[in-house]
Amino acid sequence: MTILAIPNDLQHPRLGTAISIKVSGNAVQRNRIKRLVRESFRQHQDLLGGRDLVVLVRPGIRSRSNQQLLSALDTHWRTIAAHAHTGSDSH
RNA sequence: GAAGUCGGCCGGGCAGCCGCUGUGACGCAAGUCACGGAGGAAAGUCCGGGCUCCACAGGGCAGGGUGCCAGGUAACGCCUGGGGGGCGCGAGCCUACGGAAAGUGCCACAGAAAAUAUACCGCCUGUGUCCGCACAGGUAAGGGUGAAAUGGUGCGGUAAGAGCGCACCGCGCGGCUGGUAACAGCCGUGGCAGGGUAAACCCCACCCGGAGCAAGACCAAAUAGGGGAGCACUGGCGUGGCCCGCGCUGCUCCCGGGUAGGUCGCUUGAGGUGCGCGGCGACGCGUGGCCCAGAUGAAUGGCUGUCCACGACAGAACCCGGCUUACAGGCCGGCUUCCUCU
């Protein structure tokens, strides 16, 4: 997956997800990924500050377990938080 | 007990913590509490209807759909019951099942011939003969080809044969009986009409306006533009040689359209259910009690523990009725056939 980040003028982060039909033709699978991203975002939002974030997902993600996805997201959030002073960035 | 067939149902459970969302109560608010929160297919979007907006005198044509009969329904391409045909020992299953003597078209290959009919091998008669057969005529029983070849079986008949004649079956026509009907049975009659294909054109009967909740309605910034009234100047600019005229231009107020955004539509409905009644049934009627998702970047999730049979297909988006397709595993009941025991 790819996470895009850009500073916003608010005191809190905002999340968007882009999970296309190419990721999976099955709506239940797409919902599962979106909910995982959202849950992980909820747990890390204090870390992220005033940013707008978009999570882009590619087809390979289908085969990963919840555990794998959550730990990957955790790594991403920490990388973004570490770049606190560099402004717009892609991870 | 085995095999089968039909119908119905379930689709991980429990607990803890952290979340999301709707409604209600409380609160100035932040929020707190209570209750609710995906499916049998929510799927495909293939039919039917409601609802909304648009169009519309009536009729016809075109186009599309449906196609045995009766019933159910808001309606249907759905369902129920019945009839015909096919398959199965049976329970049961399948069935586009109107018309081919209204017309037109098509029928590969093989075959003599695929629909105007016709004769390859045969069979029979006659004539000729070099005794191998040839020619003329009759015939369509047999062989061969094909998915399909001018009704089937038997007897008579004949040179050989042929519905040529007869009996039975089949088919057409007429009548009678039963049935609401489809249709069935029986009686009489005709020696037989004459291939298939109508999910080929077509004919017949019946049905059908279009678009869809991003429908549609309401509230309504900023910016730009439009309309009206008043005031000011009796100004300025353009057109023109000039006057008139025409167009543009200032300020204030009012008006409507409408974008972003918001609200409604939005879930009480041809709703579901207990009982009673009517009906073989689909279903209908009466009555009691029930409220059962309503989001809008779009909620129904995450983590942990535990148990087991280790969890399939799959995510509401205006709402219903169907159809079709996908589905790990499991449960219940009716019926059929076979085997065994009593």
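Q: Which residues come nearest to RNA strand B?
A: This is a predicted model: local features need pLDDT of at least 70, side-chain atom pairs count only at pLDDT 80 or more, and totals for chains, interfaces and linings use all residues; side-chain values use heavy atoms, with hydrogens and water left out. Residues are numbered from 1 along each chain as its sequence is written, with chains lettered from A and ligands numbered from 1 in the order of writing. A residue is near a strand if one of its heavy atoms lies within 4 Å of it. RNA strand B has 13 residues around it, and the nearest are Asn31, Lys34, Arg35, Arg38 and Arg42.

Q: What share of the RNA strand B atoms within 4 Å of the protein belongs to sugar or phosphate?
A: Bases supply the rest of these atoms. The sugar or phosphate share is 67%.

Q: Which residue places a polar side-chain atom 3.0 Å from a base nitrogen of RNA strand B?
A: Polar contacts here are N or O pairs within 3.5 Å; within protein, one atom must be able to donate a hydrogen and the other to accept it, and residues adjacent in sequence count only if both atoms are side-chain atoms. Ala27 uses a polar backbone atom, 3.0 Å from a phosphate oxygen, and Arg35 uses a side-chain N or O, 2.7 Å from a phosphate oxygen. The base nitrogen is reached by Asn31.

Q: Which element gives the most residues to the surface near RNA strand B?
A: Helices (H or I, at least four residues) and strands (E, at least two) are DSSP runs, numbered from the N terminus. Two or more residues of this surface come from each of α1 (27-48) and α2 (66-82). With nine residues, the top contributor is α1.

Q: How many residues of the surface near RNA strand B are charged?
A: Asp, Glu, Lys and Arg count as charged; Ala, Val, Leu, Ile, Met, Phe, Trp, Tyr, Cys and Pro as nonpolar; the others, Gly among them, as polar. The surface has four nonpolar residues and four polar ones. The charged residues number five.

Q: In what order do the elements of chain A run?
A: Chain A has two helices and four strands. From the N terminus on, the order is β-β-α-β-α-β.

Q: What geometry does the aromatic pair of Phe41 and Trp77 have?
A: Rings of Phe, Tyr and Trp (its six-membered ring) pair with centres within 6.5 Å; planes under 30 degrees apart are stacked, over 60 edge-to-face, the rest tilted. The whole structure holds one such pair. The ring centres are 6.1 Å apart and the planes stand at 65°, so the geometry is edge-to-face.

Q: Is Trp77 buried or exposed?
A: Relative accessible area under 20% is buried, over 50% exposed, and in between partly exposed (1.4 Å probe, protein chains only). Trp77 has 0%, so Trp77 is buried.

Q: Which residue makes a side-chain polar contact with His44?
A: His44 lies in helix α1 and is buried at 12% relative accessibility. Beyond four places in sequence, His44 is in contact (heavy atoms within 4.5 Å) with Asp74 and Trp77. The polar contact, at 2.6 Å, is with the side chain of Asp74.

Q: How far apart in space are Ile80 and Ala5, C-alpha to C-alpha?
A: Ile80 sits in helix α2 and is buried, at 2%. In sequence, Ile80 and Ala5 are 75 residues apart. In space, the C-alpha separation is 7.7 Å.

Q: Over which residues does pLDDT stay under 50?
A: pLDDT is the predictor's confidence in each residue, from 0 to 100. Chain A averages 78, and 91% of the residues score at least 70. The stretch under 50 is residues 85-91.
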